[in-house]
Amino acid sequence: MNEAGRPSFSLCRTSELQEGERRKFVVNGNEVLLVKIDGEIFAVEPMCTHDGTDISRGKFDPVSGIIECQKHFARFDIRTGIPLVGPFGADGDTQPPLRLYKIRIENDHVHLEANQEWGVI
Ligand code: FES
C-alpha cells in the first residue's frame, strides 16, 4: 500500500538507482525495467513490441533515453515508450509503443502501482 491507501509494490530506494542505470524487476510475473535519466525515474515493460524480445539489455543511451532492441534494431524513447525507428530501420510509426508503468515515489522508495491502465498486476 502507498500513503494514499492504494495497493503498490516497493521496488527499491530512489538513491539505489544511479544516473543512467537500468534495473529489471519481476512483480507477479510482470517484468518492469526502471531507468534513471536526469534524476527522473521511468518504468517500462522491457518487451519489444515487434517480436517480444527482452530489450532490457539492448543498447541504451542514458543521455537521450533511447534504447535499441538487439534483435531487429527498433529504437524507442524509454521515457515515453514511443518508437522512433521500427525494425530493420522501418518508420517508427509502424511500431506500437512500449508499455509504461505507473510508479510513485514516496519516502525515497519507488512504488509500482498495482492498478495499471491495462489491469491489476
Ligand atoms: S524483436 Fe525488437 S525489433 Fe524485432
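**How the chain is put together**

Analyst: Happy to! This is a predicted model. Among contacts in the chain between residues at least 6 apart in sequence, 40% join residues at least 24 apart.

User: What makes two residues count as a contact here?

Analyst: Their C-beta atoms, placed from the backbone, must lie within 7 Å.

User: How many helices and strands are there in the chain?

Analyst: The chain has 12 strands and zero helices. With a radius of gyration of 14 Å, close to the 14 Å from the globule rule for 121 residues, the chain is therefore as compact as a globular protein of that length. Its C-alpha atoms fill a box of roughly 45 × 30 × 20 Å along the principal axes.

User: Why are strands E2 and E3 said to pair?

Analyst: Pairing requires at least two bridges. Strand E2 (residues 22-27) and strand E3 (residues 30-37) have six bridges, in the antiparallel sense, so they pair. Arg22, for instance, stands opposite Val35 in E3. Two residues lie between these strands in their hairpin, where Asn28 takes a positive phi near 50°.

User: How do you know that E3 also pairs with strand E4?

Analyst: By the same cut-off of at least two bridges: five bridges join E3 to strand E4 (residues 40-44), so these antiparallel strands pair. Ile41 in E4 is the bridge partner of Lys36. The hairpin of E3 and E4 has two residues between the strands, and Asp38 takes a positive phi near 50° there.

User: What share of the chain counts as buried?

Analyst: Of the 121 residues, 25% do; each has 20 or more other C-beta atoms within 10 Å of its own.

Note on methods
Residues are numbered from 1 along each chain as its sequence is written. This is a predicted model: local features need pLDDT of at least 70, side-chain atom pairs count only at pLDDT 80 or more; totals for chains, interfaces and linings use all residues. Helices (H or I, at least four residues) and strands (E, at least two) are DSSP runs, numbered from the N terminus. The radius of gyration is taken over C-alpha atoms; the globule rule is 2.2 Å times the number of residues to the power 0.38. A residue is buried if 20 or more other C-beta atoms lie within 10 Å of its own, exposed if 12 or fewer, and partly exposed in between; C-beta atoms are placed from the backbone.
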